[in-house]
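Q: I am new to this protein and would like to learn how to read its features one at a time. Could we go through it together?

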Amino acid sequence: MRVRIALAGMALAMASADAAEMISEPLAQMQGLDKITARVSQFNAPVGQTVRFGKLSVIVRECRRSPPEERPENAAFVEIYEDRPGEARERLFSGWMFSSSPALSALEHAVYDVNLLACRPASGALPPPAPAAPAAPASPPGRSRGNAPR
C-alpha cells in the first residue's frame with residue numbers, strides 16, 4: 001500500500017515538474033492536529049531545521065511551490081521523528097507531502113496528524129497570534145438594535 005502511495009506521489013511530483021519548474025522556498029507552513037486535545041496548530045518549519053510539534057520532531061528537507069501562473073501546488077520532502085524519553089528516536093515518516101492532496105501522503109500516527117499547507121518565502125512567515133479581541137458589549141435587555149422606534 002505504501003509503495004502505491006509513494007508511486008502516486010512521485011507521479012504527481014513529476015507531472016507538476018513537467019508542467020512548470022517548481023520554485024524552491026525556504027519555509028514550510030505546516031499544520032498539526034493533536035488528536036488527544038483536538039487542538040489544531042499551524043507552525044513554520046524552515047528548510048533544514050528541526051521544529052517540535054508535541055513529541056514529534058519535524059524536519060523539512062525541501063519545499064517547493066508552483067509558479068503563480070500555474071495551478072496552485074506545494075510539495076515538501078518531510079521527515080518526522082518521534083522522541084520518547086529513554087528510547088531511541090523513531091522515524092515515523094519520510095516522504096513528499098502535497099498541500100493539494102494531504103491524504104495522498106500523510107503521517108499515520110495514533111496521536112498526531114501533520115500536513116503541509118504552503119511553501120513560502122522567509123518573509124511569508126506566519127505572524128505571531130493576535131491577542132484575543134474583547135467581547136462586544138451586549139445590548140441592554142428589552143432594547144432593539146434597529147434605528148427606527150417601533
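Q: Which residue of strand 8 stands opposite Gln31?
A: In this predicted model, Gln31 has Asn115 of strand 8 opposite it.

Q: Which residue stands opposite Leu27 in strand 3?
A: Leu27 stands opposite Pro46, and the strands concerned, strand 2 and strand 3 (residues 39–46), pair in the antiparallel sense over eight bridges. Strand 2 and strand 3 form a hairpin with four residues between the strands, and there Ala38 takes a positive phi near 60 degrees.

Q: How many strands does the protein chain have, and what pattern does it follow along the sequence?
A: The protein chain has eight strands together with one helix, and along the sequence they follow the pattern α-β-β-β-β-β-β-β-β. Among contacts in the protein chain with a separation of 6 or more, 51% come from residues 24 or more positions apart.

Q: Which cysteines form a disulfide, and which parts of the chain does the pair link?
A: In general, a disulfide is a covalent bond between the sulfur atoms of two cysteines. The structure holds one disulfide, formed by Cys63 and Cys119 with their sulfur atoms 1.9 Å apart. The pair links distant parts of the chain, since Cys63 lies in strand 5 (residues 56–65) and Cys119 in strand 8, 56 residues apart. Both cysteines, Cys63 and Cys119, are buried.

Q: Why is the disulfide of Cys63 and Cys119 called left-handed?
A: The name follows from the torsion about the S-S bond of Cys63 and Cys119, which is about -90 degrees, so the disulfide is left-handed.

Q: How many aromatic pairs does a search of the whole structure find?
A: The search finds three aromatic pairs.

Q: Is Phe53 buried or exposed, and why?
A: The cut-off for buried is under 20% relative accessible area. Phe53 counts as buried because its relative accessibility is 9%, and Tyr112 is also buried, with a relative accessible area of 8%. Phe53 and Tyr112 belong with Phe43 to one aromatic cluster.

Q: Where do Phe77 and Trp96 lie?
A: Phe77 and Trp96 form an edge-to-face aromatic pair, 5.7 Å centre to centre and with 75 degrees between the planes. Phe77 lies in strand 6 (residues 74–82) and Trp96 in strand 7 (residues 90–98), so the pair ties together parts that are 19 residues apart in sequence. Phe77 counts as partly exposed at 23% relative accessibility, and Trp96 is partly exposed too, with a relative accessible area of 27%.

Q: Which residue lies over the face of Tyr81?
A: Arg89 lies over the face of Tyr81, at 4.3 Å from the ring centre.

Notes:
Residues are numbered from 1 along each chain as its sequence is written. This is a predicted model: local features need pLDDT of at least 70, side-chain atom pairs count only at pLDDT 80 or more; totals for chains, interfaces and linings use all residues. Side-chain values use heavy atoms; hydrogens and water are left out. Rings of Phe, Tyr and Trp (its six-membered ring) pair if their centres lie within 6.5 Å; planes under 30 degrees apart count as stacked, over 60 as edge-to-face and the rest as tilted. Buried means under 20% relative accessible area, exposed over 50%, partly exposed in between (1.4 Å probe, protein chains only). Helices (H or I, at least four residues) and strands (E, at least two) are DSSP runs, numbered from the N terminus. A charge sits over a ring if NZ of Lys or CZ of Arg is within 6 Å of the ring centre and within 35 degrees of the ring normal. Contact means heavy atoms within 4.5 Å. A disulfide is a pair of cysteine sulfur atoms within 2.5 Å. Two strands pair if DSSP finds at least two bridges between them.
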